[in-house]
Amino acid sequence: MADTMAEVMQVIQRYAPKDFVPQVGLILGSGLSSLAEQITNPVTIPYQAIPGLQSGAVSGHASLLVMGYLGGVPIVCLRGRLHLYEGVQYESIRTLVRIVKKLGAHSFLITCAAGSMREEAGPGDLMMITDHINFHPGNPLVGKNDESIGPRFIGMEDAYNLGLQEIMQNTARRLNIPLHKGVYISTLGPSFETPAEIRAFKQWGADAVGMSVVPEVIIARHCGLRVACVAAITNAAAGMSKEKITHEGTLQFGELAARKLTKLIPEFLKEMSNAMA
Ligand code: HPA
């Protein structure tokens with residue numbers, strides 16, 4: 001029997017600093033944990049302490065919820081995400097995203113690693129995600145709907161918030177960080193794609209491929225969080241380069257992209273916070 005969100009929030013509030021209300025939830029993808037070290041006044045909760053949450057175990061992913069400040073903005077950081085390919089159920093991903101909403105955040109900033117299907121976006125580059133194709137099995141909202149969280153049916157035309165996209169683009173321009181734009185397609189994984197799959201995905205209109213993001217975006221939109229997403233391009237997608245795709249390779253180029261994200265994200269948060277004020 002699943003633990004209720006009320007039980008989950010009782011645990012979170014036990015750890016949370018008094019009157020702490022994050023503006024933003026931030027989820028860090030594989031190899032992008034270095035950003036978490038910049039969080040000031042951190043309060044850390046291991047995922048194991050959260051009732052009912054299945055914990056992931058991929059190297060390069062920690063499993064910690066961190067409350068603190070980045071760029072002076074109060075945030076809650078999901079350091080290490082849960083992936084379906086680990087055998088995790090959608091329910092655990094729902095719990096994590098809904099914690100962000102219940103703590104009072106208005107926005108959700110997603111980072112991820114992705115393979116690029118565009119020649120001009122190479123390993124180490126950043127791509128802002130503007131739309132997605134759900135190629136995951138199923139949908140994280142299947143099942144009984146809790147109307148107190150969000151409506152049964154939700155529109156996805158504006159899944160990636162236009163205002164946040166504009167702030168991210170302006171911030172990247174100001175910092176001289178090249179920022180590609182593109183459509184993300186999610187796969188279950190854990191196998192990477194075949195070249196034939198990548199050719200098909202390109203025809204569908206996808207620019208980047210990865211094993212996460214889409215369930216989180218759907219859950220976040222359902223509960224009313226505004227979403228922004230930036231992908232660290234860790235490799236050319238299958239069949240697009242002579243380099244073989246490996247997890248180690250994705251971590252290495254993830255580091256290069258992480259250095260750019262480490263500059264971009266705190267400034268993005270500051271500008272977003274100012275724009276909201
Ligand atoms: N495919 C799927 N997921 C990924 C990739 C890829 O090429 N690179 C990083 N995550």
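Which strand supplies the largest share of the lining of the second largest pocket? The largest share, four residues, comes from E5; strands (at least two residues) and helices (H or I, at least four) are DSSP runs numbered from the N terminus. The structure is a predicted model, in which local features need pLDDT of at least 70 and side-chain atom pairs count only at pLDDT 80 or more, while totals for chains, interfaces and linings use all residues. Residues are numbered from 1 along each chain as its sequence is written, and side-chain values use heavy atoms, with hydrogens and water left out.

A pocket is defined on a 1 Å grid over the protein atoms alone as an open set of points where a 1.4 Å probe fits, with protein on both sides within 12 Å along at least five of seven lines; lining residues have an atom within 4 Å of a point. The second largest pocket is lined by 24 residues, and Ser-30, Tyr-85, Ala-113, Phe-192 and Met-211 lie nearest its centre. Helix H6 (247–276) supplies at least two residues of this lining, as do E5, E8 and E9.

The ligand takes up the space of this pocket, a molecule being placed in a pocket if more than half of its atoms lie within 2 Å of the grid points. A ligand nitrogen lies 2.7 Å from a side-chain N or O atom of Asn-235, and a ligand nitrogen is 3.3 Å from a polar backbone atom of Gly-115; polar contacts here are pairs of N or O atoms within 3.5 Å.

Methods:
Polar contact = N/O pair within 3.5 Å; in protein donor to acceptor, adjacent residues only side chain to side chain.
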